[in-house]
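Thanks, everyone, for making the time.

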Amino acid sequence: MEFFLKTKLYFKNYLKGFKNYFRNFKIFNHGHGFKTILKLYFRVYQCFFKNSIMAESQYRLSFFLLIWFNFGWALVYIFLYVFIFKFVDQVGDWNYQRSLVLAATFLLVRALNSFLFKQNFQNFADLVYRGDLDFILIKPISSQFMVSLKKFYLRPFVRFIFAWLVLITVLVQNQIKLNIILVISYLLLLLISVIIVYSLWFISCCLVFWLGNIDNIHEVFQPVLRLTALPFDILPGVLKELFFLVIPLVFITTMPAKSLLGLLSWAACVYGFFISLVLFYLSAKVWHLALKYYVSAA
Amino acid sequence: MMVKFKSFLKVYLQTFIYYRLQAFVWAVVDVMPLVVLIFIWQAIYQNQSLVAGLNFSQMVSYYFLLTLIFQLIYTAGGKNTISLEIYNGQLVFFLLKPYLYLKRVLAEEISWRSIQFLLFLPLFFLLMFLVKDNINLSLNYLSWLWFFLSLALAFFISAFLDYVCGLTAFWLVQTITLFHLKEICYWIFGGLAFPQSLLPAWLQKLNLFLPFYYVFAFPLEIITRDFYFQEIALRFAVQFVWLMVLFLVYKYLWKKGLKAYEAWGN
């Protein structure tokens, strides 16, 4: 009973804090309104994008070749599916066409996440170990925003286009009927998958604050991401529940693919939306906790 | 000659033990695809007993051995050491020393592989215990002898292929594209993505003349299928020829590269 009362009081005070923050938003943000803050962040984000293009343009030929090698990996991945389905008719409930939709969705999700976050998380351990995080923490902008979104990885560009082409080709060739609701739910679930991937990847990178200098900390999440290439229906019951309720990997690739094929319920979509918000909030909390353990190299 | 090499091994082993967490992360990253593939093939084999002439036990055994061989053979010294040191100018430091650069690089490679392999083994045995009923390996002692011999040759082929790509840093500002091309070839021709029996027949024949087959796929096939003596002797001969070719290419690029090399600063 006491625990219940304490928890109720905790959440009540927490909500009061939120109300207070939004009521006095301008005071907390140096006289700037919400729209102004949003505009400022958008301008900074635009600068980040321009800087990334300038950095890649330094070695144009290499950049051009790497874009196509990135595309080569996507081709290898699709050919793997083509080879496997020469010998089998279906994998679980997933036939060749559905599996290609899943494969294209996986390529899309990977391309999007690499584009937005890969360069940033690759440099994460270095930032913390060398003390360069100081220069980010003293800036009048969210440090999580700076650390997560400063650099863009432009090489998956052709892979991204190729994934859309594969998806559209499969849908058109197999006359899979689409309507505006399916398309919107697919795009929304893609957004949810980006938020979930970001949150889990970011939390795994924050381990560097406690474990010390691990250069490849950003690689810890990669096998988990590769796992999402599986249609999660083929997993045994316990794992299915785990990856739906606890660690929602099922919303990264399988659920968006199912939504486009008209196999997804609205309840699952709503659950995915809320779990992505919870994970994002958790990533912010982990970041603030990790900063308490940060020791600058001065 | 071996005294210097042993000293390098000792120094690098001590250095890499300090980075054991990094090695453990790589070990986990290397084991996870095995887990994914086992689930995929389990679902595939629900509806049929054979795929390209292989049953589920043979497929699981293939991927288990592949993961083990990958840990032992895969080299990254070309990307992480040679091309980086050429690009940063640190190569000058090693050119002034009274030992072969190749000896040092190989010692570093073997030390890192050893630490990572030791950290990988517990995960591997755990997975092996979970799927032990589906592992089916030949107990022919001659096959195991051929296997370890081909593994030794495969390690050096992988190393020299990697170092040849790394030496192009003498002329190219960014060498990452060559390493990507090498990885793609390993995936398709080396057996990393799927067993060679899944490839079309004409591609399987072409593959016998490429070096990538002899890095992962050939050692695996020695254990998982039966060979006639002439077949295995011919393949060993081609493997040895590729090793010699790559070694000579390495020596040629090293000589040419040093003539073109410039460095300045400390």
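Let me begin with a term: two residues count as being in contact if their C-beta atoms, placed from the backbone, lie within 7 Å. With that in hand, and bearing in mind that this is a predicted model, we can say that among contacts in chain A between residues at least 6 apart in sequence, 79% join residues at least 24 apart.

As for the overall form, chain A has 15 helices and two strands, and its C-alpha atoms fill a box of roughly 60 × 60 × 40 Å along the principal axes.

Within chain A, consider helix α4, residues 60-87, and helix α9, residues 157-173, whose axes come within 7 Å and cross at roughly 35 degrees. The residues making this contact include A:Trp68 and A:Phe71 from α4(A), and A:Phe162 and A:Val166 from α9(A); by class, the contact of α4(A) with α9(A) divides into 10 nonpolar residues, one polar and one charged.

Turning to the two chains, 29 residues of chain B are in contact with 30 residues of chain A. Which helix of chain B gives the most to the side that touches chain A? That is α2(B), with 13 residues, while α8 of chain B, residues 176-189, supplies at least two. That side of chain B has 23 nonpolar and six polar residues, and no charged ones.

Definitions and conventions:
Residues numbered from 1 in each chain as written. Chains lettered and ligands numbered in written order. Predicted model: local features only at pLDDT ≥ 70, side-chain atom pairs only at ≥ 80, totals over all residues. Helix = DSSP H or I, 4+ residues; strand = E, 2+ residues; numbered from the N terminus. Nonpolar A, V, L, I, M, F, W, Y, C, P; charged D, E, K, R; others polar. Axes fitted to C-alpha atoms, helices over the stretch in contact; angles between N-to-C directions.
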